[in-house]
Amino acid sequence: MSDTAPSIKTVLHPVADLARAKQVYAALLGGPPQTDSPYYVGFDVGGQHIGLVPDGGPQGMTSPVAYWHVPDIEAKLAELTAAGAVVKEAAHEVGGGRVVATVTDPDGNVLGLIQDR
């Protein structure tokens, strides 16, 4: 793979009880979260980011979503839709220059995309 090949570095988990989930993930990952807010808790471990999203967040997640980091999110969205994916959540900025989007594959699995600008 080339240096620009997509890679999974972020996995988001919808949780019903953020406080309880935070304790479990802190125990699993060996320390406290680096981001801790009422709407998002994030752990960074060895270059991997694990996020907890209360009640699936505004995107309505019902299961974990792996986010592929890509150099050009619009180009990757075009490539994926040409191949048969359907845009679930259009590309939009979530802060700090980070842009995210999601698509579904032909079986309904959700694939996340992230571009850091």
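# Reading a predicted model, feature by feature

Trainee: Is Asp 55 buried or exposed?

Mentor: Relative accessible area settles that, with over 50% counting as exposed. Asp 55 has 62%, so it is exposed. Look at its backbone too: phi of Asp 55 is near 55°, a positive value in a residue other than glycine.

Trainee: If I select Phe 43, which residues is it in contact with?

Mentor: Skip its neighbours within four places in sequence, and the contacts of Phe 43 include Tyr 25, Ile 50 and Leu 52. You met those names as members of the core. Phe 43 also contacts Pro 32, Pro 33 and His 49, among others.

Trainee: Let us follow His 49, then. Where is it found, and is it buried or exposed?

Mentor: His 49 is found in strand S4. The cut-off for buried is under 20%, and His 49 has a relative accessible area of 11%, so it is buried. Its side chain is joined to that of Tyr 40 by a polar contact of 2.6 Å. Leaving out residues up to four places away in sequence, His 49 touches Lys 9, Thr 10, Val 11, Tyr 40, Gly 42, Phe 43 and Asp 44.

Trainee: And what about His 13: which strand holds it, and what does it touch?

Mentor: His 13 lies in strand S1 and is buried, with a relative accessible area of 17%. Not counting residues up to four places away in sequence, it touches Tyr 25, Ile 50, Gly 51, Leu 52, Val 53, Met 61 and Pro 64.

Trainee: How should I look for empty space?

Mentor: Rolling a probe the size of a water molecule over the atoms shows where empty space is left. In this model, the largest pocket has a volume of about 540 Å³. Its lining has 20 residues, and Leu 12, Tyr 40, Val 94, Arg 98 and Val 100 lie nearest its centre. Two or more lining residues come from each of S1, strand S2 (35-37), S4, strand S6 (86-95) and strand S7 (98-104), with the largest share, 4 residues, from S6.

Trainee: How many of the lining residues are nonpolar, polar and charged?

Mentor: The lining divides into 10 nonpolar, 8 polar and 2 charged residues.

Trainee: Last topic, distance in sequence against distance in space. How many residues apart are Ile 114 and Lys 9 in sequence?

Mentor: They are 105 residues apart in sequence, with C-alpha atoms 9.4 Å apart in space. Ile 114 is found in strand S8 (residues 110-116), and it is buried, with a relative accessible area of 3%. Ala 85 is found in the loop between helix H2 (73-82) and S6, and is buried at 14% relative accessible area.

Conventions
Residues numbered from 1 in each chain as written. Predicted model: local features only at pLDDT ≥ 70, side-chain atom pairs only at ≥ 80, totals over all residues. Heavy atoms only, no water. Core = buried A, V, L, I, M, F, W, Y, C linked by side-chain atoms within 4.5 Å. Buried < 20%, exposed > 50% of the residue type's maximum accessible area, 1.4 Å probe, protein only. Contact = heavy atoms within 4.5 Å. 1 Å grid on protein atoms, 1.4 Å probe; cavity = no way out; pocket = protein on both sides within 12 Å on 5 of 7 lines; lining within 4 Å. Points joined across faces, edges and corners; volume = space filled by probe spheres on them. Nonpolar A, V, L, I, M, F, W, Y, C, P; charged D, E, K, R; others polar. Polar contact = N/O pair within 3.5 Å; in protein donor to acceptor, adjacent residues only side chain to side chain.
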